[in-house]
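Take a look at the chain below. We will walk through it one piece at a time, from helix to hairpin to loop.

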Amino acid sequence: MRAFRFLIFLLITSFLIYGLNNSFSMSGSPVPALGPLLNPFGGFWNNAEGKSTGMPSSLSLPGMTDKAEVIFDDRLVPHIFAENDMDAAYVQGYITAKYRLWQMEFTTYAAAGRLSEILGDRPIGNTTTVDYDKQQRRLGMVYAAENTIEGWKKNTSGFKLLEKYTEGVNTYINSLSPSEYPLEYKLMGYAPEEWKPIKTALLVKSMAMRLAGRENDIETTNAFDAFTKETFDFLYPDWNPNQSPVIPKGTKWDFEPVPLKKDTAKQTSIGSIPHQAQPKPNLHLGSNNWAVHGSRTATGKPILCNDPHLMLNLPSVWFELQISTPEYNAYGVSLPGMPNIIIGFNEYIAWGQTNTDWDIMDWYRMDWTDNSKTKYILDENVKSVEPRVEEIKIKGGKIVYDTVKYTFWGPVVHESDEHPKKDLALRWVAHDEPNSNELLVFKQLNKAKNYEDFSNALKDYECPAQNYVFASKDGDIAINVQGKFPLKRPGQGKMVEDGSRSFNNWQGFIPQAHNPRIKNPERGFVSSANQHSTDPSYPYYYIGGSGFEDHRSRYINKRLSEMGDKITSRQLMELQTDNGVIAAMDLVPEFLKYLKRDNLTDAERFYLNKILEWDFHFDAGSIAGTVFDEWNSEFYKGVLDEVYKKGANQSFLYPETWRLTDILKSNPLHWIFDNRSTNELETAEIIINRSFRAACKTLEERKTSEGEASLEWDKVKGSDIQHMARIPALGVFDLEIGGHHWAPNAMTALAGPSWRMVVELGNEVKAYGVYPGGQSGNPGSYYYKDFIESWRVGEYYPLLFLKRDNREDERVMQKVSFKK
């Protein structure tokens, strides 16, 4: 009996030892090894922090060449005062790693296709970690980063700055004991690696994929195959005539365009593509920016505003800081893992960014010589692929191998034994070796004093292409559409191209001097919100990667035009947080024109009254916003019912909302409204009434025990700020916030304004900003998410822009000296 009890005790003890020292999965979510996590000396207890910097008053570090001082304000924003650029980069690397190390590294793991190493083989979203890693490898993300490093190395001074930043990161990493690792390392059971320049390159490529990794080639090819050319051209025009482009309509171009070679060969149809299009970055990632000329502001000086819209995560996308050397004094936000300030201002200028959304990613159908797929045809010659064996390590020891075939075009991403004649290779600007001066772009922006400096800095910026807005204390405002843009024939790259002809390659790139830009326009403001860059008079062909934004930009330009000539920063803050939607202003009058109001049920009359009382704003508590969203969705599906049938079970492009709105306004009896599979001749009026009833039925079914309150827009939309690793306890959920992806306040379920900034230029710069998170990446810190409530309600913090010769302020929390 004693031996039996001993055996039972031994089994229980063994189970506890194993459970405490090994991680496992529960319902698809990782459960950490509890022993190390609960260790009172090195577990998560060590990550609890109060309202302090967690920094000593003085640090002696081996990488310093001179002294530096870092002043932390009451929001944990570091103000770095260094004596030279090298020390500034080193200290920035050290400080960023101190507060955002896990975030920096996790981003690069995801970019490189290494999530399985730290998470194991588990579901993430609609895929698994292993399949996600395979996709990243096939997209050539590491290949792109390697090419980027080769380009960066050719500029010695730029690369030395990156190496100094890297050295600062590693100095911090090497100072840590396992008990001091950020919480997520303990939860997932791994340790930080040495930071290397290629990790910064991976971070840049991750942002390129997020912002320049959208295209509709497969979807458009299948739509073209499903319709006659006449119908296709009618449903899918390249230009929206109602568009308010970045460069105002009618702008004259002061250059002679590069002539393109014409294709004389007979084109053959590619036919439909069976592959599912690769997962796209969130469709609603975009941004707003504008600058108002001093002739229209209350101060008589320009005001610049920017609010990039990205996925909202914790830790936050951005890290706020000030960098000052004897050469410049700049403030703004950085990307953790990358030196310099990315969006911000200095004593002379301010700048900001939005995504251009130009299509710089094209697909080419491979023509294999045989089923081994080791050789392919190009211009009637046989070419060999360059195989790259990818080793995907999985936590626990297993390894999965995948061979990616590199071709003249790039990596073969879509590959199938069932459809070998439809395998597709990827041509993407982000794969190319970049301009050697790219690393210095933001350093030069940080130092710029006028429009000439600003434009000269941007000449070397390539990818992801951005609309750079500018304002200066001298009084100038401008916007430059900047990037490396392919030279394409009209229509080229809209659909999958024949990869057996090198003529289908891009014919070089648009000269940088021909990129669209404008300075001090007559209307007194410049702006962008991911819309078309130009009107059709621009002599080069381009399309949007996912279709250009059609509504937000029109609303913003309308509001800026109406504001008069005494515009204040407060008015522009209100515009950044405005929930108005011009698409609703367009559609609701048309819907009401045709809606029959007799014989409505009580519920239908209730919802109609909400629409009749609505101001077209998607505010948090708006029920009308919910009604319109559902009604518009039902109308869209009702109009395109036959198109949906054609697109079933394949990747397929559907017409944009603006196109249907235009048809509705111009011809409510158009054939597009008729379902030809029925005997009834359907019109817009019939579909509007049918869709209203369907929407009301859905809304009634959606009600919960809260009744009508459950239909308020913020509850239906849902807005969460998730932890990057999707650890529920470390995120913030069910935010009571309005907004819509068509509104300036472009809040959706998981994406929205990631940094709101308003800068008044003048003799003394006044700036305001806020982002949804906090400076610290540590969930145990007071500063992890302390900005969220101010951001949610539309409040801004006055930004503490310290002068080099006067560093005192009541908001200063601590000073830390850095020395050799």
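**A walk through the model**

Threonine 166 sits in helix α7, which spans residues 156-174. Helices here are DSSP runs of H or I with at least four residues, strands are runs of E with at least two, and both are numbered from the N terminus. Keep in mind that this is a predicted model, where local features need pLDDT of at least 70, side-chain atom pairs count only at pLDDT 80 or more, and totals for chains, interfaces and linings use all residues. Residues are numbered from 1 along each chain as its sequence is written, and side-chain values use heavy atoms, with hydrogens and water left out.

Is threonine 166 buried or exposed? Its relative accessible area is 6%, so threonine 166 is buried. Buried means under 20% relative accessible area, exposed means over 50%, and partly exposed lies in between (1.4 Å probe, protein chains only). Which residues does threonine 166 touch? Leaving aside residues up to four places away in sequence, they are Trp195, Lys196 and Pro197. A contact here means heavy atoms within 4.5 Å. Proline 197 is 31 residues apart from threonine 166 along the chain, yet their C-alpha atoms are separated by 6.6 Å.

Next, helix α16, residues 582-594. This helix is mostly covered, with 10 of its 13 residues buried. Among the buried residues are Ile582, Leu587, Phe591 and Tyr594. What covers them? The cover of the buried residues of α16 includes α14, α17, α18, α20 and α21.

Now move to the strands. Strand β18 (residues 386-393) runs antiparallel to β19, and eight bridges join them. Two strands pair if DSSP finds at least two bridges between them. Arginine 388 stands opposite valine 404 in β19. Together β18 and β19 form a hairpin with five residues between them. In the turn, glycine 396 has a positive phi of about 115°.

Tyrosine 401 lies in strand β19, residues 399-406. Its relative accessibility is 51%, so tyrosine 401 counts as exposed. With Val389 and Ile399, Tyr401 makes a nonpolar surface patch of about 300 Å².

Finish at a loop. Proline 536 is in the loop between β26 (525-528) and α14 (552-562). At 56% relative accessibility, proline 536 counts as exposed. Lysine 249 is 287 residues apart from proline 536 in sequence, but the two are 8.8 Å apart in space, C-alpha to C-alpha.

Key
Patch = residues over 30% accessible without salt bridge, like charges linked within 9 Å, V, L, I, M, F, W, Y side chains within 5 Å. Areas by Shrake-Rupley, 256 points an atom, 1.4 Å probe, with all protein chains shown as cover. Salt bridge = Lys/Arg side-chain N within 4 Å of Asp/Glu carboxyl O.
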